[in-house]
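Here's a quick briefing on how this chain is put together.

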Amino acid sequence: PVLDTEDAWLSVEGPVSIVELALEQKRVHYPLVEHQFVLCTVLYATMRLSLKAVKPLSLFDNKGKNAFFKDLTSIQLLPSGDMDPSVLSLRQQFLLKVVSAAVQTLCSSQKDREVSEEDYFPFEKGKNWPTLAADLAQYLQISEDLVRRHYVCELYSYGMDHLGEE
């Protein structure tokens, strides 16, 4: 981008402006940032829903694990479309755990009538964990339909038929 400045500003002395510093920065490799985002989301879901026996790095292959420890401006080899079936199975199990834990949390908060979902998750108003799991499924190369079907089955098993029908 071209930054036009007035003549009066050219004679100003002092530190470099933040705009010029920002323009001098290297561009980040967006797929690598996206990859980091997936890891952060996995870690947050594990923590927030108190999931047990989850090993977040096991959800990624060797290329994916190595990419986490590289500079965001470097161009890294990220996992390709062909994934190991065991990694895909672990990813699928993780997403189904997220959905199950979210429905269980929702149902337990519904049983306690004085506690609403916003009170149970005060900083997450509007956070829909099953939808987040379905969105995460795209990044983890798992079928979205599988996650949504599991969500509906969980709703029915907890007696929330009206939500399952929707």
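A crossing is called left-handed if the near helix is turned anticlockwise from the far one by less than a right angle, and right-handed if clockwise. With that in hand, the crossing of H3 and H7 comes out left-handed, whereas H7 passes H8 in a right-handed crossing.

This is a predicted model, where local features need pLDDT of at least 70, side-chain atom pairs count only at pLDDT 80 or more, and totals for chains, interfaces and linings use all residues. Residues are numbered from 1 along each chain as its sequence is written, and side-chain values use heavy atoms, with hydrogens and water left out.

**Overall layout**

- The protein chain has nine helices and zero strands, with helices (H or I, at least four residues) and strands (E, at least two) taken as DSSP runs and numbered from the N terminus.
- Read along the sequence, that gives the pattern α-α-α-α-α-α-α-α-α.
- Of the 166 residues in the protein chain, 31% count as buried; buried means under 20% relative accessible area, exposed over 50%, and partly exposed in between (1.4 Å probe, protein chains only).
- Among contacts (heavy atoms within 4.5 Å) in the protein chain with a separation of 6 or more, 70% come from residues 24 or more positions apart.

**The largest nonpolar core**

- A nonpolar core here is a set of buried Ala, Val, Leu, Ile, Met, Phe, Trp, Tyr and Cys residues joined through side-chain atoms within 4.5 Å.
- The largest one has 29 residues, and Phe 94 and Leu 95 touch the most other members.
- Two or more residues each come from helix H3 (30-48), helix H5 (85-111), helix H7 (129-139) and helix H8 (144-157), and H5 gives the largest share, nine residues.
- Not counting residues up to four places away in sequence, Phe 94 touches Val 42, Ala 45, Thr 46, Leu 51, Val 54, Leu 59 and Leu 136.

**H3 against H7**

- H3 and H7 pack at an angle of about 145°, with their axes 11 Å apart; axes are lines fitted to C-alpha atoms, for helices over the stretch in contact, and angles run from 0 to 180 degrees between N-to-C directions.
- On the H3 side you'll find Glu 34, Val 38, Thr 41, Val 42, Tyr 44, Ala 45 and Arg 48, meeting Trp 129, Leu 132, Leu 136 and Tyr 139 in H7.
- By class, that contact has eight nonpolar, one polar and two charged residues; Ala, Val, Leu, Ile, Met, Phe, Trp, Tyr, Cys and Pro count as nonpolar, Asp, Glu, Lys and Arg as charged, and the others, Gly among them, as polar.

**H7 against H8**

- The axes of H7 and H8 come within 8 Å and cross at roughly 160°.
- Pro 130, Ala 133, Ala 134, Ala 137 and Gln 138 in H7 meet Glu 144, Val 147, Arg 148 and Tyr 151 in H8.
- By class, the contact of H7 with H8 has six nonpolar, one polar and two charged residues.

- Val 38 sits in helix H3 and is buried, with a relative accessible area of 4%.
- Leaving aside neighbours within four places in sequence, Val 38 is in contact with Phe 60, Leu 136, Tyr 139 and Leu 140.
- Val 38 and Tyr 139 are 101 residues apart in sequence but 7.3 Å apart in space, C-alpha to C-alpha.
- Gln 141 lies in the loop between H7 and H8 and is partly exposed, with a relative accessible area of 37%.
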